[in-house]
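Come along and check each entry against the picture.

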Amino acid sequence: MRTVDFHCDALSKMWEEPKASFVDDPHMDVTMQRLEEGDIALQIFAIFLSEKYGRASFERVLAQIEAYRSRIVNRGYLKPLLWREQVQEIRGGQQGRYGALSLEGVDGLEGSLHYVRLCYDLGVRFMGITWNYANWAADGVLEQRNGGFTERGRRLIEECNSTGIILDVSHLSQAGFWELTELTKRPIIASHSNAYSICKHPRNLSDEQIRALIAIDGMIGITFVPWFIRSGTEQVKPEDLLPHIEKICELGGEKHIMFGSDFDGIDQWVSGLEHPGRYPYFQELLLKHYPESMVQGWISEYALQFLERNLPSLNSQG
């Protein structure tokens, strides 16, 4: 089964290390070699601006976009996914693999809605509003005041709805989540979050949030971050992801599940799920517990159906 993965942080590593090879660098989780090994049809690359490098800036956003374009796309490793029409090519089983860009937190847009449009023009199709803390648009999930959107943040929602950028609630505060579900005119995603009722980490989604995402035809990317899967000191295993899948299905979300590994954004891994090349083994585990049609849906088909409905159309560009 060809796989879709909705979140990795390989670009920030490539920006930090200009000599890192996307082909087979041993210090990276996501490489071309491992995407081929795992038969990844589509990998979403996050643009993440780490706080350790100081104030987020649009210059750093552009630098990671340039790394993606010059070191991945222009070298022919991956085709850029921009339009819903391209999804048919992926679903049709055509040769080749695809990448797409997501902004993980709008801090680097420096409050400029013009930069939102520019990101779209440069290929960004997904946008997380915050990382864990507050920025000019909204509060993150670890901001203790639990605020919602600023006035400019509400205008950001409108701009993304207008352009066709899909908004991502992973890392967004509870108040911001509920405000966004009221304000957005288009479906949204949680690219890399699990079920809070299974593992009580603040980055996970409550049952009410999961139901809300399902109700607006959104998607939930089950993530492989060990401390989002299970608490405790024992090594996390792939089997520990099953209760999260079961919970989302129990809440009515069978067709709203996808995967967002967070590879290259973690320094601890699920044993047996350390990089994209391990996806086939994870599929084998899922097939022991669920019908093939269901597993195929989670691995790629439901995510691709969502993209086919919600990515902008090439035919609408004037």
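**Entry 1: a loop residue**

I began with L251, which sits in the loop between α10 (242-250) and β9 (257-259). A reminder to myself before going on: this is a predicted model. Is L251 buried or exposed? Its relative accessibility is 13%, and buried means under 20%, so L251 counts as buried.

Next I asked which residues L251 touches, leaving out those up to four places away in sequence. I found D207, I210, R211 and I214.

**Entry 2: helix α7**

I wanted to know which residues of α7 are buried. My list reads G176, F177, E179, L180 and T181.

With a relative accessible area of 68%, E182 is exposed. I also looked up how far E182 is from E143: 39 residues in sequence, and 21 Å from C-alpha to C-alpha.

A note on helices for later: an α-helix has 3.6 residues a turn, so residues three or four places apart point the same way.

First, some background: most residues other than glycine have a negative phi. With that in mind, I wrote down two residues that go the other way.

What is the phi of N146? It is near 55°, a positive value, and N146 is not a glycine. N146 is placed in the loop between β5 (124-128) and α6 (151-163). Its relative accessible area is 35%, and N146 is partly exposed.

H171 is my second case, with a positive phi of about 85° although it is not a glycine. Where does H171 lie? I found it in the loop between β6 (166-168) and α7 (174-183). H171 counts as buried, with a relative accessibility of 7%.

**Entry 3: a strand residue**

I turned to C8, whose place is in strand β1 (residues 3-8). Its relative accessibility is 0%, and I noted C8 as buried. Which residues is C8 in contact with, once neighbours within four places in sequence are set aside? They are V30, Q43, I44, F45, A46, D262 and F263. I also looked up S191: C8 and S191 are 183 residues apart along the chain, while their C-alpha atoms are separated by 9.9 Å.

**Entry 4: another helix**

E284 lies in helix α11 (residues 279-289). Its relative accessible area is 48%, and E284 is partly exposed. E284 and D264 are 20 residues apart in sequence, and I found 23 Å between their C-alpha atoms.

**Entry 5: the core**

Which members of the largest nonpolar core touch the most other members? Out of its 100 residues, I wrote down F22, F45, M127, L156, F259 and L307. Helix α12 (residues 292-310) gives this core its largest share, nine residues.

I then followed M127. Not counting residues up to four places away in sequence, M127 touches S102, L103, V106, L109, V116, L156, C160, I165, I166, L167 and D168. One of these, L156, is also on the list of core residues above.

**Entry 6: the whole chain**

Last, I stepped back. How many helices and strands does the protein chain have? It has twelve helices and nine strands. The radius of gyration is 18 Å, close to the 20 Å that the globule rule gives for 318 residues, so the chain is as compact as a globular protein of that length. Along its principal axes, the C-alpha trace spans about 50 × 45 × 40 Å.

Buried residues make up 60% of the 318. Of the contacts with a separation of 6 or more, 70% are between residues 24 or more positions apart. The chain exposes about 13,000 Å², and carbon and sulfur atoms supply 46% of that. I finished with the charges: there are 32 positive and 44 negative ones, and their mean positions are 3 Å apart.

Key
Residues numbered from 1 in each chain as written. Predicted model: local features only at pLDDT ≥ 70, side-chain atom pairs only at ≥ 80, totals over all residues. Heavy atoms only, no water. Helix = DSSP H or I, 4+ residues; strand = E, 2+ residues; numbered from the N terminus. Rg over C-alpha atoms; globule rule 2.2 N^0.38 Å. Buried < 20%, exposed > 50% of the residue type's maximum accessible area, 1.4 Å probe, protein only. Contact = heavy atoms within 4.5 Å. Areas by Shrake-Rupley, 256 points an atom, 1.4 Å probe, with all protein chains shown as cover. Lys, Arg positive; Asp, Glu negative; His and termini not counted. Charge placed at Lys NZ, Arg CZ, Asp CG, Glu CD. Core = buried A, V, L, I, M, F, W, Y, C linked by side-chain atoms within 4.5 Å.
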